[in-house]
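Please read it beside the model.

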Amino acid sequence: MADDAVDILITGGAGQVGLELARAEWPATVRLHLPTRDQLDLGDADAVRAAFAATPFKAVINSGAYTAVDRAETEVAAAFAANAMGPAILAEVTRAAGIPLIQVSTDYVFDGSGERDYAETDPVGPLGVYGASKLAGEVAVTTGNPRSVVMRTAWVLSPHRANFLKTMLRLAADRPTLRVVEDQEGCPTSARDIAEALKTIALRMIDDPDAPTGVYHFVNAGSTTWAGLAREIMALSAARGGHTATVEGITTADYPTPARRPSNSRLDTFKITRDYGIAPRPWKDAVAEIVAELIPEPTP
């Protein structure tokens, strides 16, 4: 390999964000390493150290996580192993290597109270095990490696894997009416846009030892409810000749789940725009792009 090659380790390569990181346009000098969980167990400190000994990574983007929010309520150890201990090991090893670590986190670190968008400095207060485990990972990263960025995001959507958008399209094929929660508000966010933000941060941190560090928020611009998002998906699908359904708004109480969800998941993105020049596009544009990829152009 050429001496000027830039090796970047991406964990969670099979997830929505990891898949978008893999298909993003990187500089020609960049070589991505996307090991599967079988190839690199982040819970095995010796295996992680061996991977770093074998390859001179210039940065790590940790997009992997335990994301089964409801199951985490009874699988506490598994959630913390993936979401807290994995990042802790990465923080230790990246600090020893003198390289930056970028960690993907979540709106679930907040309790969802209040009426305004959450800033990075607002008090955290997770409502469940998943959010608590992700918060523990944040602490491990920011205290374990001074050259680190934690990027919180929310309501991730893409053409890949399982997500709310794909579920709505699947259910619309069989049901005339969809009952969707309308008292939780947040920012639908494209995994592709998240990947672009992570790429921008990683490349800057590699080139600039004094690049900004700490906690950042990234979501697409604007906000809506889950029911509002479902209605937008249905309208976009119908316009392309796809399946559609009527969306009936319900309350959180009408749809009980093992884990409590934040009623307010809106995140303020001023800081990431100020420090990294990343300006999120409107969520409706991002959703339209995903629907267009999933549903071919209608035949004239």
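## Basis

This is a predicted model, in which local features need pLDDT of at least 70 and side-chain atom pairs count only at pLDDT 80 or more, while totals for chains, interfaces and linings use all residues. Residues are numbered from 1 along each chain as its sequence is written, and side-chain values use heavy atoms, with hydrogens and water left out.

## The cavity

A search of the whole structure finds 1 cavity of 30 Å³ or more. A cavity is a set of points, on a 1 Å grid over the protein atoms alone, where a 1.4 Å probe fits but cannot get out. The largest cavity holds about 40 Å³ of space. That volume is the space filled by probe spheres set on the points, which are joined across faces, edges and corners.

The lining residues (an atom within 4 Å of a point) are Glu-20, Arg-23, Leu-157, Ser-158, Pro-159, Ser-190, Ala-191, Arg-192, Glu-289, Ile-290 and Glu-293. Two or more lining residues come from each of α1 (16-23), α6 (191-207) and α9 (283-294). Helices are DSSP runs (H or I, at least four residues), numbered from the N terminus. α9 gives the largest share, 3 residues. By class, the lining has 4 nonpolar, 2 polar and 5 charged residues. Here Ala, Val, Leu, Ile, Met, Phe, Trp, Tyr, Cys and Pro count as nonpolar, Asp, Glu, Lys and Arg as charged, and the others, Gly among them, as polar.

## α1 and α6

Axes are lines fitted to C-alpha atoms over the stretch in contact, and angles run from 0 to 180 degrees between N-to-C directions. The crossing is right-handed (the near helix is turned clockwise from the far one by less than a right angle).

Contact means heavy atoms within 4.5 Å. Gln-16, Val-17, Glu-20, Leu-21 and Arg-23 of α1 meet Ala-191, Arg-192, Ile-194, Ala-195 and Leu-198 of α6. These divide into 6 nonpolar, 1 polar and 3 charged residues.

## α7 and α9

The axes of α7 (residues 226-239) and α9 come within 10 Å and cross at roughly 45°. α7 is therefore oblique to α9. Angles under 35 degrees count as roughly parallel, over 145 as roughly antiparallel, 65 to 115 as roughly perpendicular and the rest as oblique. This crossing is right-handed.

Leu-229, Glu-232, Ile-233, Leu-236 and Ser-237 of α7 touch Trp-283, Lys-284, Val-287, Ala-288 and Val-291 of α9. The contact has 7 nonpolar, 1 polar and 2 charged residues.

## α2 and α3

α2 (residues 45-54) and α3 (residues 76-97) pack at about 30°, with axes 10 Å apart. That makes α2 roughly parallel to α3. Their crossing is right-handed.

Methods
1 Å grid on protein atoms, 1.4 Å probe; cavity = no way out; pocket = protein on both sides within 12 Å on 5 of 7 lines; lining within 4 Å.
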